[in-house]
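Welcome! Please take a moment to look over the structure below, and then we will walk through it together.

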Amino acid sequence: MRKLVAGNWKMFKGPAEARTLCSELADRVGADPAVGLAVCPPYVSLATALAALEGSAVDVFAQSVHWEASGAFTGEVSAEMLLEIGAAGCLVGHSERRQHFGETDETTGARAACALAVGLRVIACVGELEREREAGDTAAVLERQVHAIERAVPNSAQLVVAYEPVWAIGTGKTATADQAQEAHEVIKRILDVPVLYGGSVKPENAAELMAMPDVDGALVGGASLDVDSFVAIRDAAAAA
C-alpha cells in the first residue's frame, strides 16, 4: 500500500501564498510520486491550490465539512460544494476543531459519513490529551473515538484515520516511534484502514516514524508550509 503524506495548513496561506507554494510543490513532485500527497488549505485558498496543482499528483483536501447538504449553517461548507470545486477530500475531527469549535466524536462521524457518501475521501482525526496519556487512558480514548467513526462509517475504502496525540500538536513534542505504533495498533483493531501519524512531524523524525509497520504515512502541520520540509517528509515515506 502506498503511503500518504498530507499537509494541514490550518489558518495559514491565503490565495497568493498558496499559489506560490503549490506551484513550487507541483514542480518538485511531478505527476507520479511514489507516495500519495495532499494539501489541506483554508477554504479561501482551495480554488487557487486546485488550479496551481492541476495535472500534478498532489490532491487538495478541505479542513472540515458539514454533515448536511445545505441549510442555515453559517460559516460551514457542504460536501457537495467541495466536490463541485474539485476537492478530493477533507479532514474531519481535528483536535483543534474539537478543542475550539465544539467538535465531538458524534459530529466527527457525521461529517465523515456525509463526505464519503458523495465520493470525497476523508482523513478522520483521533488522539488523546496529555492528561489522558499520563492517566494511562490512551487506548480507551482512541477506542471511544474510533468506534464513533466506525458506527457512522462501518466500511469505506475512501477512509483514512490520522492519529494525532494532542499533546504533540504544535508543541515540538513528538510521540516516540513505539508510542505511535502502539496507538496505531489500537486503531487498526477496530477499523481496517490506513492510519497516519500526526503531531510535530518533521524531516528529522519522519524516517523513524514511517519505519513502524502500522504507520501508513503522516498528517503534517507546520512542516507542510515549507516545500523543502514537506518534500523531505515525502522522501522519508517513500524510503520506508
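## Before we start

Contact, as the word is used here, means heavy atoms within 4.5 Å. Please keep in mind that this is a predicted model.

Ser64 sits in the loop between strand E3 (58–62) and helix H3 (79–85). Is Ser64 buried or exposed? Its relative accessible area is 5%, and because buried means under 20%, Ser64 counts as buried. Leaving aside residues up to four places away in sequence, Ser64 touches Tyr43, Leu82, Cys90, Leu91, Arg97 and Arg111.

## The barrel

Now for the overall fold. Eight strands form a closed barrel in the order E1-E2-E3-E4-E5-E6-E7-E8, and the pairing is parallel. From one strand to the next, the twist averages 25°.

You can follow the pairing strand by strand. Strand E1 (residues 4–8) pairs with strand E2 (residues 36–40) in the parallel sense, over 5 bridges. Within this pair, Gly7 stands opposite Val39 in E2.

Helix H5 (residues 105–117) touches strand E4 (89–92), strand E5 (121–126) and strand E6 (159–163). The direction of H5 makes about 175° with that of E4. Helix H7 (residues 138–152) also packs on the sheet, where H7 touches E5 and E6. Between the directions of H7 and E5 the angle is about 150°.

## A covered strand: E6

How many of the residues of E6 are buried? The count is 5 of its 5 residues, so E6 is mostly covered, given that buried means a relative accessible area under 20%. Both faces of E6 take part: Leu159, Val161 and Tyr163 are buried on one side, and Val160 and Ala162 are buried on the other.

E6 has a parallel partner on either hand. E5 is joined to E6 by 5 bridges, and the bridge partner of Cys125 in E6 is Ala162. E6 and E7 pair in the parallel sense over 3 bridges, with Val161 standing opposite Val195 in E7.

The structure holds 1 aromatic pair. The rings of Tyr163 and Tyr197 have centres 6.1 Å apart, and their planes meet at 55°, so this pair is tilted. Tyr163 belongs to strand E6 and Tyr197 to strand E7, and the pair links distant parts of the chain, 34 residues apart.

Are these two tyrosines buried or exposed? Tyr163 is buried, with a relative accessible area of 0%. Tyr197 also counts as buried, at 1% relative accessibility.

The buried residues of H9 are Asn205, Ala206, Leu209 and Met210. Why do they lie on the same side of H9? They cover an arc of only 130° around the axis, which puts them there together.

The face of H9 turned away from that buried side carries the exposed residues Glu204 and Glu208. The buried residues of H9 pack against E1, helix H8 (177–190), strand E7 (195–198), strand E8 (217–220) and helix H10 (227–239).

## Salt bridges

How many salt bridges does the structure hold? There are 13 salt bridges. One of them joins Lys10 and Glu96, whose closest N and O atoms are 2.8 Å apart. Glu96 is partly exposed, with a relative accessible area of 25%.

Another salt bridge brings together the side chains of Asp214 and Lys188, at 3.7 Å from N to O. Asp214 lies in the loop between H9 and E8 and Lys188 in helix H8, so the pair ties together parts that are 26 residues apart in sequence. Lys188 counts as partly exposed, at 26% relative accessibility.

Asp235 and Arg234 also form a salt bridge, with their closest N and O atoms 2.7 Å apart. Asp235 is partly exposed at a relative accessible area of 40%, whereas Arg234 is buried at 12%. Finally, salt bridges that share partners join Glu24, Arg28 and Asp228 into one network.

Conventions. Residues are numbered from 1 along each chain as its sequence is written. This is a predicted model: local features need pLDDT of at least 70, side-chain atom pairs count only at pLDDT 80 or more; totals for chains, interfaces and linings use all residues. Side-chain values use heavy atoms; hydrogens and water are left out. Two strands pair if DSSP finds at least two bridges between them. Helices (H or I, at least four residues) and strands (E, at least two) are DSSP runs, numbered from the N terminus. Axes are lines fitted to C-alpha atoms, for helices over the stretch in contact, and angles run from 0 to 180 degrees between N-to-C directions. Buried means under 20% relative accessible area, exposed over 50%, partly exposed in between (1.4 Å probe, protein chains only). The arc is that of the directions from the helix axis to the C-beta atoms. Rings of Phe, Tyr and Trp (its six-membered ring) pair if their centres lie within 6.5 Å; planes under 30 degrees apart count as stacked, over 60 as edge-to-face and the rest as tilted. A salt bridge is a side-chain nitrogen of Lys or Arg within 4 Å of a carboxyl oxygen of Asp or Glu.
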